[in-house]
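Could you walk me through this structure in plain words? I'm new to it and would like to know what to look at.

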Amino acid sequence: MTNSQHLLLVGLPGAGKSTVAQLLGEALGMPVIDTDQVVEQIAGRSIAEVFSDSGEASFREFETQALRQSLAGTPAVISLGGGVLTQQINREILLGNRVVYLQVTPENAARRLGISHGRPLLQGSRDMVTKLQELHNQRHADYETAACLRVFTDGATAVEVTQDILDQL
Ligand code: S3P
């Protein structure tokens with residue numbers, strides 16, 4: 001596989017995107033970018049603050065800016081926020097890019113995230129598995145459509161998932 005192109009990771013919160021992105025970056029000698037962190041830099045606030053001060057729509061605008069900024073840089077492994085494909089503009093921006101879908105069951109995602117996950121969209125959900133199942137139902141088709149490769153992460157370590165991706169790209 002070639003390092004001259006970005007490698008982007010999509011999937012639900014708790015799919016392991018950030019950890020796997022780090023490992024892929026190390027293996028491929030590529031920089032690693034997390035669009036959630038880029039949003040925080042651009043906004044000058046935490047994601048939780050953007051959601052609570054300005055709402056989700058404003059967060060999504062920052063996210064699109066973060067996506068454009070990340071794609072404009074040198075080839076990198078880019079971990080994308082789980083909701084990035086809910087926006088048509090982002091689906092268009094990502095067309096033609098090398099996207100990998102890390103698929104996780106809502107049960108495992110909830111287990112990985114634990115209680116103090118800090119995700120505004122999941123905050124206050126009495127049943128996190130049900131909320132994640134809802135997000136999965138809303139987003140799965142878009143993740144699949146955008147991706148050139150899908151990797152199942154249930155029961156696999158981040159190292160195994162990384163190797164799986166390296167083997168298949
Ligand atoms: C979101 C996922 C989060 C973050 C924000 C919204 C979502 O990123 O972008 O809280 O809509 O699913 P992770 O997928 O990295 O948790």
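Start with Gly 14 and look at what it touches: setting aside residues up to four places away in sequence, its contacts are Val 104, Ala 109, Ala 110, Arg 112 and Leu 113. In this predicted model, Gly 14 sits in the loop that runs between strand S1 (7-10) and helix H1 (17-28). Gly 14 counts as buried because it has 25 C-beta neighbours inside 10 Å, and 20 or more is what it takes to be called buried.

Now slide along to Lys 17, which belongs to helix H1. With 30 C-beta neighbours inside 10 Å, Lys 17 is buried too. Leaving out residues up to four places away in sequence, Lys 17 touches Leu 9, Gly 11, Ser 79 and Leu 102.

Both of these residues turn up in the UniProt record. An unreviewed entry there puts a "binding site" at Gly 14, Ala 15, Gly 16, Lys 17, Ser 18, Thr 19 and Arg 119.

So what surrounds the ligand in the model? The residues around it are Pro 13, Lys 17, Asp 36, Ile 47, Gly 81, Gly 82, Gly 83, Arg 119, Pro 120 and Leu 121. Sorted by class, that shell holds 4 nonpolar, 3 polar and 3 charged residues.

For another stop, head over to Val 50, in helix H3 (residues 47-54). Val 50 has 23 C-beta neighbours inside 10 Å, so this residue counts as buried. Apart from neighbours within four places in sequence, Val 50 is in contact with Val 39, Ala 43, Arg 45, Ser 58, Phe 59 and Phe 62.

Time to zoom out. The protein has 8 helices and 5 strands, and from the N terminus on they come in the order β-α-β-α-α-α-β-α-β-α-α-β-α. The radius of gyration is 15 Å, close to the 15 Å that the globule rule gives for 169 residues, so the protein is as compact as a globular protein of that length. Along its principal axes, the C-alpha trace spans about 40 × 35 × 25 Å.

How much of the protein is buried? Of its 169 residues, 38% count that way. As for contacts, take those with a separation of 6 or more: 75% of them are between residues 24 or more positions apart.

Methods
Residues are numbered from 1 along each chain as its sequence is written. This is a predicted model: local features need pLDDT of at least 70, side-chain atom pairs count only at pLDDT 80 or more; totals for chains, interfaces and linings use all residues. UniProt positions are given in the numbering used here, feature names are shortened, and annotations may be inferred rather than shown by experiment. Helices (H or I, at least four residues) and strands (E, at least two) are DSSP runs, numbered from the N terminus. A residue is buried if 20 or more other C-beta atoms lie within 10 Å of its own, exposed if 12 or fewer, and partly exposed in between; C-beta atoms are placed from the backbone. Two residues are in contact if their C-beta atoms, placed from the backbone, lie within 7 Å. The radius of gyration is taken over C-alpha atoms; the globule rule is 2.2 Å times the number of residues to the power 0.38. A residue is near a molecule or strand if its C-beta atom, placed from the backbone, lies within 6 Å of it. Ala, Val, Leu, Ile, Met, Phe, Trp, Tyr, Cys and Pro count as nonpolar, Asp, Glu, Lys and Arg as charged, and the others, Gly among them, as polar.
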